Amino acid sequence: MSEIQKRRIFRVNRFAVPIEGRQEFMALVRRTHEVIRTQPGFVDDLILEQHSGSALFNILSILQFEGEHVLQPVIAAVAKSDEEAGIDRQALSRRLGVETDIGFYHSAVLQELLPA
């Protein structure tokens, strides 16, 4: 396994959720994290929420994994769980009006500043 594959990886999900769909959407987030927490290679997670005015919630989900090598099995486990429960994430997001932004991140390597 290469050094890049061994580096911890973070999946950051940002969701803009209309207030009408918040409860149903948060139930899906909770269910998803319950599945992910049981998977090999899972390290930690965090779910944050910001109320943006009267009609919108910003939900931020951060998942930490041991490395890129664990991502495909985790994705497969979530897909299997969704299939067994009859969940279509894309259809649910469209119906609720959820906007999604997802990315994978590594810890930044910061070099000390050299004196001028």
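Modeller: Start with a crossing. Helices α2 and α3 cross in a right-handed way. Their axes lie 9 Å apart, and the two helices pack at an angle of about 130°. An angle over 145 degrees would count as roughly antiparallel. The angle of α2 and α3 is about 130°, and α2 and α3 are therefore oblique to each other. Keep in mind that this is a predicted model.

Now the residues that meet. From α2 come R31, T32, V35 and I36. From α3 come V74, A77, V78, S81, D82 and A85. Sort the residues of this contact by type, and you get six nonpolar, two polar and two charged.

Is D82 buried or exposed? With a relative accessible area of 6%, D82 is buried. The cut-off for buried is under 20% relative accessible area, so D82 with its 6% qualifies. What does D82 touch, once residues up to four places away in sequence are set aside? The answer is R31, I87 and R89. R31 belongs to the α2 side of the contact with α3.

R89 leads us to the next helix. Helix α4 covers residues 89–96, and α2 covers residues 22–37. These two pack at an angle of about 155°, with axes 11 Å apart. That makes α2 roughly antiparallel to α4. The crossing here is left-handed, whereas the one of α2 and α3 is right-handed. On the α2 side, the contact uses E24, F25, L28 and T32. On the α4 side, it uses R89, L92, R95 and L96. The types are four nonpolar, one polar and three charged. Note T32: this residue of α2 takes part in the contact with α4, and T32 also meets α3.

How is a pair of aromatic rings described? By the distance of the centres and the angle of the planes. The ring of F25 pairs with that of F15. Their centres are 4.8 Å apart and their planes stand at 65°, so the pair is edge-to-face. F15 sits in strand β1, residues 9–18, while F25 sits in helix α2. The two are ten residues apart, and their pair links distant parts of the chain. Both F15 and F25 are buried.

How many aromatic pairs does a search of the whole structure find? It finds two. The other one joins F42 and F65. Their centres are 6.4 Å apart, with 75° between the planes, and this pair is edge-to-face too. F42 is in strand β2, residues 42–51, and F65 is in strand β3, residues 56–65. So the pair ties together parts that are 23 residues apart in sequence. F42 is buried, and F65 is buried as well.

Finally, step back to the whole chain. The protein chain holds four helices and four strands. From the N terminus on, the order is α-β-α-β-β-α-α-β. The chain has 116 residues, of which 34% count as buried. Take the contacts with a separation of 6 or more: 75% of them come from residues 24 or more positions apart.

Key. Residues numbered from 1 in each chain as written. Predicted model: local features only at pLDDT ≥ 70, side-chain atom pairs only at ≥ 80, totals over all residues. Heavy atoms only, no water. Axes fitted to C-alpha atoms, helices over the stretch in contact; angles between N-to-C directions. Parallel < 35°, antiparallel > 145°, perpendicular 65-115°, else oblique. Left-handed = near helix turned anticlockwise from the far one by under 90°. Contact = heavy atoms within 4.5 Å. Nonpolar A, V, L, I, M, F, W, Y, C, P; charged D, E, K, R; others polar. Phe/Tyr/Trp six-rings, centres within 6.5 Å; stacked < 30°, edge-to-face > 60°. Buried < 20%, exposed > 50% of the residue type's maximum accessible area, 1.4 Å probe, protein only.
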